[in-house]
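Please examine the sequence and the structure shown below. The paragraphs that follow lead through selected places in them, one after another.

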Amino acid sequence: MIVITGATGNIGRALTGRLHGHGHDTLAVVRRPADDLGSPYAPADFDEPRTIGALLSPGDRLFLNSGIWPGFVDAHRAVIDLAAEAGVAQIVAVSVRDAAPGARLGMGMHGLIDAHLRKSGVPYAILQPSGFMQTLPRDFHDGTMYGSYGHTPVNYIDTRDIADVAAALLTSPVGPGRDYLLTGPPSLSHSAIAGQVAEVLGREVRYVNLSVPEMAAHLERQGIPQPFAGELAELQAETGDGSWAPTTGVVEEVTGRAPRTWQAFLTDHKHAFA
Ligand SMILES: NC(=O)c1ccc[n+]([C@@H]2O[C@H](COP(=O)([O-])OP(=O)(O)OC[C@H]3O[C@@H](n4cnc5c(N)ncnc54)[C@H](OP(=O)(O)O)[C@@H]3O)[C@@H](O)[C@H]2O)c1
């Protein structure tokens with residue numbers, strides 16, 4: 001059985017559809033009924049880790065993923081421990097590029113979980129992707145995206161490629177524990193990304209670069225409280241310093257094909273920007 005947490009999210013939905021569609025025995029872990037997933041599902045919540053542990057049996061493969069909230073690190077570490085107790089054969093976990101204990105925001109939280117997983121004794125694959133193309137539409141308002149990324153290229157990946165990598169790893173023989181740095185097509189500056197969005201939408205779209213304090217103030221005006229707004233603005237500047245520009249060949253290595261292009265993503269998600 002392949003047990004899929006975060007099954008209603010960007011990656012989980014694509015993964016569940018792909019695995020179930022190819023006849024694999026899947027169980028989607030959900031917080032509310034999800035008949036549209038097309039897979040058997042069971043209710044459970046990371047806030048009560050034992051509800052997820054109770055769904056695991058010896059030999060299962062577990063896809064470990066969810067959104068982030070304050071209890072995220074403890075909940076994921078508890079589920080990893082329960083998976084070890086249950087005799088799970090493999091955990092494929094979603095982390096983030098440059099995850100490390102002590103790093104900023106989600107990168108620090110994922111760093112703690114990744115470290116716990118590596119020591120758990122359960123065979124693992126830790127997926128460390130660049131930023132998600134699928135979350136970009138929410139950053140464009142009235143044709144404008146504000147950010148403190150600067151003007152250097154930053155890498156983004158289509159979450160369907162992350163799902164494809166996870167599907168390949170969950171359905172092939174379990175390999176040695178490894179981190180997978182997953183990147184998308186060649187990196188673009190945010191102005192160039194706005195230009196691509198404009199081309200697909202057929203109207204003016206622009207990226208406006210702000211300094212870190214300006215971006216923090218902008219986020220506060222959007223309702224994001226301090227210190228989170230400041231951290232987020234700093235994080236954008238850090239990922240925009242060139243460190244998130246290099247790409248890897250890992251998606252192609254695992255799936256046998258190149259990552260989806262910006263054009264493929266924008267064509268399929270045009271409606272989300274409208
Ligand atoms: N956004 C980015 O650019 C980026 C980049 C790199 C890594 N990441 C990482 O990617 C992960 C998010 O992946 P995603 O985009 O596929 O997810 P997503 O679309 O944000 O969906 C989150 C999923 O987690 C589930 N979930 C949240 N809290 C839960 C809980 N307490 N118990 C059970 N399920 C819960 C949600 O269920 P409901 O439907 O019930 O809410 C949903 O299925 C995060 O770990 C994030 O750090 C994100």
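A first point of entry is a polar contact, 2.7 Å in length, that joins the side chain of D158 to the side chain of Q134. The model under discussion is a predicted one. The side chain of D158 also makes a polar contact with the side chain of R160, likewise given as 2.7 Å. D158 itself is placed in the loop that runs between strand 9 (156-157) and helix 5. Is D158 buried or exposed? Its relative accessibility is 0%, and D158 therefore counts as buried, the cut-off being under 20%. When neighbours within four places in sequence are left aside, the residues in contact with D158 are M133, Q134, R260 and F265.

Helix 5 (residues 159-171) packs against helix 1 (residues 10-21), with the two axes 8 Å apart and an angle of about 50 degrees between them. Helix 1 and helix 5 are therefore oblique to each other, since angles of 65 to 115 degrees would count as roughly perpendicular and those under 35 degrees as roughly parallel. The crossing of these two helices, helix 1 and helix 5, is right-handed. On the side of helix 1, the contact is made by N10, I11, A14, L15, R18 and L19. On the side of helix 5, the contributing residues are T159, R160, I162, A163, D164, A166, A167, L170 and T171. Sorted by class, the contact of helix 1 with helix 5 comprises nine nonpolar, three polar and three charged residues.

N10 belongs to helix 1. With a relative accessible area of 42%, N10 is partly exposed, because the value falls between the 20% limit for buried and the 50% limit for exposed. Residues up to four places away in sequence not being counted, N10 touches Q134, T135 and T159. Q134 is therefore touched by N10 and is also a polar-contact partner of D158, if the definition of contact as heavy atoms within 4.5 Å is applied to the former. In sequence N10 and D161 are 151 residues apart, while their C-alpha atoms are 11 Å apart in space.

A second pair of helices may now be considered. Helix 6 (residues 190-201) and helix 10 (residues 262-273) cross at roughly 65 degrees, and their axes come within 10 Å. That angle makes helix 6 roughly perpendicular to helix 10. Here too the crossing, that of helix 6 and helix 10, is right-handed. Which residues meet in this place? From helix 6 come I193, Q196, V197, V200 and L201, and from helix 10 come W262, L266, K270 and F273. By class, the contact of helix 6 with helix 10 has seven nonpolar residues, one polar and one charged.

Most residues other than glycine have a negative phi, and most peptide bonds are trans. The peptide bond from Q226 to P227, however, is cis, with omega near 5 degrees. P227 is located in the loop between helix 7 (212-221) and helix 8 (228-243). D98, although not a glycine, has a positive phi of about 65 degrees. Its place is in the loop between strand 5 (90-94) and helix 4 (105-118), and with a relative accessible area of 41%, D98 is partly exposed. L105 is likewise a residue other than glycine with a positive phi, near 50 degrees, and L105 lies in helix 4.

Helix 4 also contains H110. At 9% relative accessibility, H110 counts as buried. Leaving out residues up to four places away in sequence, H110 touches I68, F72, V94, S95, V96 and A99.

The last stop is T247, in the loop between helix 8 and helix 9 (250-255). T247 counts as partly exposed, at 43% relative accessibility. T247 and T183 are separated by 64 residues in sequence, and their C-alpha atoms are 5.5 Å apart in space. T183 is also among the residues that T247 touches, the others being N155, G184, P185, P186 and S187, when residues up to four places away in sequence are not counted.

Technical notes:
Residues are numbered from 1 along each chain as its sequence is written. This is a predicted model: local features need pLDDT of at least 70, side-chain atom pairs count only at pLDDT 80 or more; totals for chains, interfaces and linings use all residues. Side-chain values use heavy atoms; hydrogens and water are left out. Axes are lines fitted to C-alpha atoms, for helices over the stretch in contact, and angles run from 0 to 180 degrees between N-to-C directions. Helices (H or I, at least four residues) and strands (E, at least two) are DSSP runs, numbered from the N terminus. Angles under 35 degrees count as roughly parallel, over 145 as roughly antiparallel, 65 to 115 as roughly perpendicular and the rest as oblique. A crossing is left-handed if the near helix is turned anticlockwise from the far one by less than a right angle, and right-handed if clockwise. Ala, Val, Leu, Ile, Met, Phe, Trp, Tyr, Cys and Pro count as nonpolar, Asp, Glu, Lys and Arg as charged, and the others, Gly among them, as polar. Buried means under 20% relative accessible area, exposed over 50%, partly exposed in between (1.4 Å probe, protein chains only). A polar contact is a pair of N or O atoms within 3.5 Å; within protein, one must be able to donate a hydrogen and the other to accept it, and residues adjacent in sequence count only if both atoms are side-chain atoms.
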